[in-house]
Amino acid sequence: MGRKRNQHKSSHRGAPMRSHHSSQRSVLPVITMPPFKDEHILLIAPGSQMTLAQLGLPETFTPARFRFPTRMFPAEKKGEYEPYRVHERRQVVKVTNGTDAPKADVEMKDAEPAAADGTPATETTVKTDENTQNNEEPTKTIEEVFYEEDPASDEGAIYPIENGRIVDWPCFFALLTHIYNTLSPPFHTPIMLVGQPIWSARDREAITQFVFEKFKAPAFSLMDSALAACYGYGTATATVIDVGKGKVDVTAVTDFAVNEHGRGIALEGCGGDAMTDRLVELLGPKGFTREMCEQLKRSNITEILPAGTPLPGSSATARQGANPAASTGGSDGEESAPRGPGDSIQTGIEGDNGEEDEGVLDVAAIVSGNPTEYLANVEKEKTITKKGAVDPKGARLPNSKKEKASFQFEEFVQLEGEKAATPGARQYVRRTRDIEVSVERFLLTSPRSKDANRLTSGILEDIATQIHHTILAVPDATKRSELWDSLIIVGCGSKVKGFTQALLAAITQKFILSPSATIFTSEIPSNFTTPLPTGANTPAPMGQPGPMYHPAAHGVNPLLVAATHNNPGIPGTPSMDPSMVSHYRSTGHSQTPTSVKTLKLPEYFPDFKDQGNSNAPGASSGSAGGNPGAPGTSQGGHGMEEAVFLGTQMAAKVFFVIDQGLSKGYMSRVEYNESGPSAIHEYIL
Amino acid sequence: MNPSNPPQAAEYGGDEVSAIVLDPGYSTTRAGFAGEDAPKSLIPTYYGKYNADGQEKLVFGDDVFVTPRPGLSIHNPIGKDGIVEDWDMAERVWEHSFMSRLTGTKAGNPFQNGLNDVSADELPTEMEVESEEKPLSDSPLLMTEPGWNPAKAREKTIEIAMEKWDTPAFYLARTGVLAAFASGKASALVIDIGASNISVTPIHDGMILKRGVQHSPLGGDYISSQIKAIFKANAPQPITITPHYLISSKSPVEAGQPPQAKYKIFPADKAPDASYRALLEERTLSEFKECVVQVWPGPTRLSAPSPTGVSNEDMARTTPGRPFEFPDGYNQVFGVDRFRAVESLFDAKAAIPDPDSTFPPSTPAQTIPELVKASLAGVDVDLRPHLLANVVVTGGSSLLYGFTDRLNHELMQMFPGPRVRVTAPGNTSERRFGSWIGGSILASLGTFHQMWISKKEYEEHGPNIVEKRCK
């Protein structure tokens with residue numbers, strides 16, 4: 001394989017290659033084009049919140065290089081979209097009549113500052129700040145309209161994917177186009193897209209058609225996200241639980257095949273948002289905003305405790321009310337910090353808050369600076385921040401034992417006027433401060449009190465029930481036990497500390513079969529271990545196994561467990577009719593689950609090691625103002641919850657580079673031209 | 001073709017639209033594209049109804065099994081005999097079966113939340129939207145029906161397909177015929193063991209022999225009622241099934257010991273309806289059927305003495321039992337009882353009496369051997385040997401362990417003369433979706449194209465055309 005690839009490398013674009021190909025590879029029916037190369041593969045994994053993308057496969061697979069917020073903004077022209085919010089900014093600038101002044105024409109004279117009301121845009125191009133600043137000598141003033149991109153705003157954003165479902169097709173396609181243009185792959189670049197389980201067959205056809213006709217891709221693969229997770233974990237059989245923003249998908253994959261029947265598709269109200277909602281419900285009355293709750297959820301003090309764990313200091317509630325309320329009182333002031341142009345300049349932020357808050361708040365750490373530097377500073381600042389909120393005596397306790405803990409809340413506040421280095425341009429300061437939270441931080445999976453639609457006790461139970469349903473629906477009963485023992489939990493919603501353990505605990509509590517003595521003793525007839533007496537007609541010792549059991553036999557031998565799990569046909573006693581042998585099941589149709597486990601991510605991808613939680617807004621939701629540097633900034637802290645993307649890279653490597661189409665892992669343009677978009681169903685993985 | 005030249009727009013062949021095959025059953029509704037080997041969409045025909053925020057909400061799909069909702073009640077638009085009773089809801093359930101996974105929904109349609117929660121209030125708007133964008137306007141539709149479907153129901157079906165869904169072409173096929181096709185046979189005696197019904201359908205050259213069609217209610221649900229009767233009579237104490245949604249946690253107990261579980265208490269105004277509990281009990285029972293229940297393999301009946309002189313029942317006792325644990329943690333080993341649950345499908349005398357059961361006591365004429373006998377009596381004598389040599393077993397409940405062995409023995413005893421040959425696909429999904437797979441094969445055949453009833457023909461002749469064309 002490697003030899004052949006090298007051979008083509010020199011001239012893979014050349015047209016004369018084709019004849020050469022057909023002679024060399026006449027065995028392979030599909031190949032009519034040069035082979036694909038590692039560095040020319042485009043991977044896109046759309047999610048409700050973030051769309052991961054990457055061009056090329058690195059030497060060792062890493063988390064996605066690009067993260068695009070899954071949202072677009074309507075452009076001025078209807079039906080078109082922009083990746084960033086575009087602001088229209090009106091500003092009075094001083095202009096000379098000199099040559100420097102752009103467009104010094106008649107209009108300038110009429111344009112008085114007073115006419116600022118509804119004058120239409122006189123300029124359609126974005127002016128650079130230098131231009132205006134250079135005009136030192138004031139002669140006249142005009143009002144000009146600047147269009148500028150505001151990467152930190154999500155005002156008016158359209159989110160094309162909701163709960164996995166594509167709700168706005170033009171916007172979704174615009175997002176794909178934006179990603180494609182940003183990464184600008186060369187022509188001969190196959191595309192692999194990770195498909196959400198909820199996409200219907202028609203949805204998939206529409207996407208296929210778009211990719212082939214708009215991007216002119218030579219090959220396209222639409223990979224199921226659950227299967228991609230299996231590739232990431234290198235397993236053929238697993239139960240994949242994808243905890244997303246607004247929904248959870250539960251999929252049983254057996255032998256690299258997705259079981260569509262019984263699949264838990266887009267369970268609503270179970271994802272990360274449901275946890276934030278619960279925090280808002282709990283903390284909202286204390287003045288917490290949704291953004292605070294979102295960051296609290298991501299912080300490392302938030303933890304899901306296994307059911308039955310007593311909450312720390314559950315009696316002490318007296319102090320609890322005052323502090324967070326006070327701290328958020330301060331925050332409210334900051335939240336309403338002026339945003340729009342023309343508002344008064346915010347001066348002395350540091351002093352203000354510092355003095356005002358020092359007594360009330362535990363800490364108010366304010367950092368100002370250039371937005372692009374924030375992300376680089378995140379780690380450094382973490383260490384600097386004072387941790388005044390932690391009870392001195394509780395400082396050494398583990399988080400789950402502490403009644404109160406504080407997390408660092410970060411927000412972007414727009415900086416206006418003189419504080420800003422370049423007048424006119426929008427600037428933001430990132431402010432961090434610590435907010436103390438009580439035991440509410442352990443309650444994020446408890447059921448919402450006002451939910452009129454469900455009766456269950458929390459999202460973990462819902463997910464556990466769905467897993468049970470999904471595995472029970474797998475027709476091959478022999479696989480069920482293995483499915484219970486190989487759970488894969490992916491998706492950013494599962495990043496909350498303790499999620500996996502709590503989910504396993506929820507399953508154990510409700511579904512695990514008790515290792516009762518009978519389950520094992522009954523499976524194996526009591527005469528099984530003793531040598532069979534030849535021809536002796538002794539059904540007696542087997543008797544009626546009914547409710548007989550030995551309490552002493554409770555300590556279960558693991559070998560027995562193994563034996564009952566996959567019990568081969570137990571030989572009949574010689575006295576029996578030979579046909580009796582068939583009475584014993586050899587299919588291993590035993591009830592499940594007797595155990596439940598999660599799979600371990602393979603160790604050889606160090607970049608996917610869980611790097612802990614970060615509640616920095618950069619990693620945060622769209623409502624956090626997005627990633628100021630996005631796209632193109634990939635932060636640390638992406639671990640196993642992104643195994644889907646790891647699997648996508650693996651699958652891309654296998655389908656596009658190693659197999660070269662033999663495994664029917666992708667649809668080529670030739671096939672598309674012949675059969676149209678509906679042929680994608682033969683390739684959907 | 002040169003990869004660096006972009007292809008012409010819309011160069012592809014284009015109009016190869018595969019038909020949708022919809023196979024509505026009593027317990028599940030199957031839908032998928034013709035030409036595929038399994039239905040993409042499998043949803044329960046049961047749907048849920050509850051009130052929240054002052055609105056009535058409907059729940060479709062697997063969600064009814066997963067999420068308990070306040071005051072949730074469960075309904076089924078199809079009657080016990082497999083004939084549609086509530087047409088409005090049947091239409092909704094069927095629509096969900098193909099819209100959720102196959103055709104999707106048009107943007108802006110309030111029904112787009114396919115999984116649940118379409119309030120009655122939104123219904124009118126949805127209808128308005130659909131009057132412009134009907135769900136099947138570009139897919140031909142093949143539907144299935146039981147062999148005893150009355151003419152009225154058939155006409156209503158084509159009416160929905162043509163007028164509500166706007167399908168360009170339609171065909172209605174018998175489940176029996178399709179199951180025979182799925183086994184690669186044009187002539188067969190199809191024994192279909194479903195959830196609410198068992199049926200025997202003789203097929204000759206792809207045509208149903210109407211006089212030979214027999215059906216009785218001894219399906220999977222009847223077996224469940226028999227299992228419940230066994231649980232009730234269980235010693236030392238009767239077993240009650242408490243579904244998972246009523247249990248918050250359980251602790252291990254020894255076999256036969258009372259369960260130690262923490263139960264959930266719902267306030268009376270929020271507790272789900274009894275029908276919901278029944279649905280979820282059924283779920284546990286189907287697990288029980290998979291793991292425990294066995295058909296006595298024969299050759300003689302369970303009550304008959306075996307050749308060695310020991311009664312079969314005693315023989316069954318000597319086999320090791322199968323353990324089963326209930327959702328509340330109660331567990332027990334089931335010995336001979338696990339054979340008795342299904343015995344009445346073959347031997348009416350073996351039925352376990354249960355006065356509380358919703359099923360009337362079964363009669364001998366309802367058992368499988370009698371149905372086969374009656375069915376063969378209704379067909380031409382010359383055809384009988386051919387049919388017996390091509391017995392096709394299909395339907396989810398036929399997956400009961402040992403079922404085909406027993407059926408084979410019963411048929412051989414009843415018809416010692418001609419050669420009896422029972423065909424039953426070993427693959428679980430082929431057995432469960434036999435009639436859907438047959439439909440998938442049929443609708444993708446090139447020669448089938450002339451069979452479709454086109455929209456134009458329907459407009460010319462009215463719904464009655466289905467009687468003439470789909471025989």
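Predicted model: local features only at pLDDT ≥ 70, side-chain atom pairs only at ≥ 80, totals over all residues.
Student: What makes Lys216(A) partly exposed?

Tutor: Its count of C-beta neighbours. Lys216(A) has 15 inside 10 Å. Buried needs 20 or more, and exposed needs 12 or fewer. The count of 15 lies in between, so Lys216(A) is partly exposed.

Student: Why is Ala266(A) called buried?

Tutor: Ala266(A) has 24 C-beta neighbours inside 10 Å. The cut-off is 20 or more, so Ala266(A) counts as buried.

Student: Where are they found?

Tutor: Lys216(A) is in the loop between α6 and β11 of chain A. Ala266(A) is in strand β15, residues 264-268.

Student: How do you know that α8(A) is largely enclosed by the rest of the structure?

Tutor: Of its 12 residues, 11 are buried, so α8(A) is largely enclosed. Among the buried ones are Gly272(A), Met275(A) and Leu283(A).

Student: Which elements do the buried residues of α8(A) pack against?

Tutor: They pack against β12, α9 and α13 of chain A.

Student: How does the span of helix α8 of chain A compare with the expected one?

Tutor: The helix reaches 16 Å from its first C-alpha to its last, close to the 16 Å expected at 1.5 Å a residue.

Student: Why is the peptide bond from Thr592(A) to Pro593(A) called cis?

Tutor: Its omega is near 0°. Most peptide bonds are trans. Pro593(A) is in the loop between α17 and α18 of chain A.

Definitions and conventions
Residues numbered from 1 in each chain as written. Chains lettered and ligands numbered in written order. Helix = DSSP H or I, 4+ residues; strand = E, 2+ residues; numbered from the N terminus. Expected span 1.5 Å × (residues − 1). Contact = placed C-beta atoms within 7 Å.
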